[in-house]
Amino acid sequence: LQAEAYACDCEVNKAKETYKGAIRASMCSGRIFDQGQAYELMGKYLSFIIDLESSYNCFRKAHDCYMQCEAFYLAKKLRNDNELNLNNNQNGPGMTKRERCW
């Protein structure tokens, strides 16, 4: 919740660090589903601030977490909503390594 509050207040660095903290905390406690949710929320925030490559990476990690804890519907929804291409390790749709869709 703190990360979302920082995001609403446009405190980019604090929001990013707090999202990362939520991911670490859920990882350390073995809560894979919560880790997936934290990655997904961070991905949405990064997409909002136009950090598309990092956003895409967060969505991929969220998808992996959802698959690991057998939340298949959420994994499929995340994949469809964000056009995840899981067949390779490339960047998001329409992006090359140094190109962004503005």
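A disulfide is a pair of cysteine sulfur atoms within 2.5 Å. This model is predicted, so local features need pLDDT of at least 70 and side-chain atom pairs count only at pLDDT 80 or more, while totals for chains, interfaces and linings use all residues. Residues are numbered from 1 along each chain as its sequence is written, and side-chain values use heavy atoms, with hydrogens and water left out.

**Cysteines**

How many disulfides does the rule give? The count is zero disulfides. Cysteine 8 is in no disulfide, and the nearest cysteine sulfur, in cysteine 10, is 8.3 Å away. Seen from cysteine 10, the closest cysteine sulfur is the one in cysteine 8, and 8.3 Å is too far for a bond.

The table shows how open some residues are, where buried means under 20% relative accessible area, exposed over 50%, and partly exposed in between (1.4 Å probe, protein chains only).

| Residue | Relative accessible area | Class |
|---|---|---|
| Cysteine 8 | 65% | exposed |
| Cysteine 10 | 63% | exposed |
| Glutamate 40 | 18% | buried |

**The nonpolar core**

A nonpolar core is a set of buried Ala, Val, Leu, Ile, Met, Phe, Trp, Tyr and Cys residues joined through side-chain atoms within 4.5 Å. The largest one here has 20 residues, and Tyr19, Tyr39, Met42 and Leu78 have the most contacts inside it. Helices (H or I, at least four residues) are DSSP runs, numbered from the N terminus. Helix 1 (2-8), helix 2 (12-28), helix 3 (32-48), helix 4 (52-68) and helix 5 (72-81) each supply at least two residues of this core. Which helix gives the most? Helix 4 does, with six residues.

**Two residues up close**

Contact means heavy atoms within 4.5 Å. Leaving aside neighbours within four places in sequence, tyrosine 19 is in contact with residues including Ala3, Ala7, Met42 and Tyr45. Glutamate 40 has its place in helix 3. With residues up to four places away not counted, glutamate 40 touches Phe59, Ala62, Tyr66 and Leu78. Glutamate 40 and phenylalanine 59 are 19 residues apart in sequence, yet their C-alpha atoms are 5.5 Å apart in space.

**Helix 2 meets helix 3**

Axes are lines fitted to C-alpha atoms, for helices over the stretch in contact, and angles run from 0 to 180 degrees between N-to-C directions. The axes of helix 2 and helix 3 come within 8 Å and cross at roughly 165 degrees. That makes the two helices, helix 2 and helix 3, roughly antiparallel, a word for angles over 145 degrees. Among the residues making the contact are Tyr19 of helix 2 and Met42 of helix 3.

Terms used: Angles under 35 degrees count as roughly parallel, over 145 as roughly antiparallel, 65 to 115 as roughly perpendicular and the rest as oblique.
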